[in-house]
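Colleague: I'd like to learn how to read a helix pair. Can we go through one together?

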Amino acid sequence: MKSLWLSRTTLIWTLLVAATLISWELGHGVGFDDARAAGAAILVVTFIKVRFVVLDFMEIRTAPRWMRALLEAWIVLCASILIGLFLS
């Protein structure tokens, strides 16, 4: 049972839950006076969560290097486009 709590999957899941709580707090105005800045911060947290899910739960962390690079680039591209559209 102790190995279950110390596994990488449990750690990543805990970080995802924490990131969800952080996003929720940011959405309620904690830490930002500007709603646009809070929204951009929520999007950043969201794409960090996407990266964790892709790498660990879709097992891309152990995939060939080109596949991991392609998916990491896709995440950065999508995040950049969405944050840019949100802030414009």
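Modeller: Helices here are DSSP runs (H or I, at least four residues), numbered from the N terminus. This is a predicted model, where local features need pLDDT of at least 70 and side-chain atom pairs count only at pLDDT 80 or more. Residues are numbered from 1 along each chain, and side-chain values use heavy atoms.

Colleague: In which hand does helix 3 pass helix 4?

Modeller: Right-handed.

Colleague: And how is the packing itself described?

Modeller: Two packed helices are described by the angle between their axes and the distance between the axes. Helix 3 (residues 35–57) and helix 4 (residues 65–87) pack at about 165 degrees, with axes 10 Å apart. That makes the two roughly antiparallel (angles over 145 degrees count as such). Axes are lines fitted to C-alpha atoms over the stretch in contact, and angles run from 0 to 180 degrees between N-to-C directions.

Colleague: Which residues does Arg51 touch?

Modeller: Contact means heavy atoms within 4.5 Å. Arg51, in helix 3, touches Arg68, Glu72 and Ile75, leaving out residues up to four places away in sequence.

Colleague: Is Arg51 buried or partly exposed?

Modeller: Partly exposed, at 30% relative accessible area; buried means under 20%, exposed over 50%, partly exposed in between (1.4 Å probe, protein chains only). The buried residues of helix 3 include Leu43, Phe47 and Val54, and its buried set packs against helix 2 (8–27) and helix 4.

Conventions
Angles under 35 degrees count as roughly parallel, over 145 as roughly antiparallel, 65 to 115 as roughly perpendicular and the rest as oblique. A crossing is left-handed if the near helix is turned anticlockwise from the far one by less than a right angle, and right-handed if clockwise.
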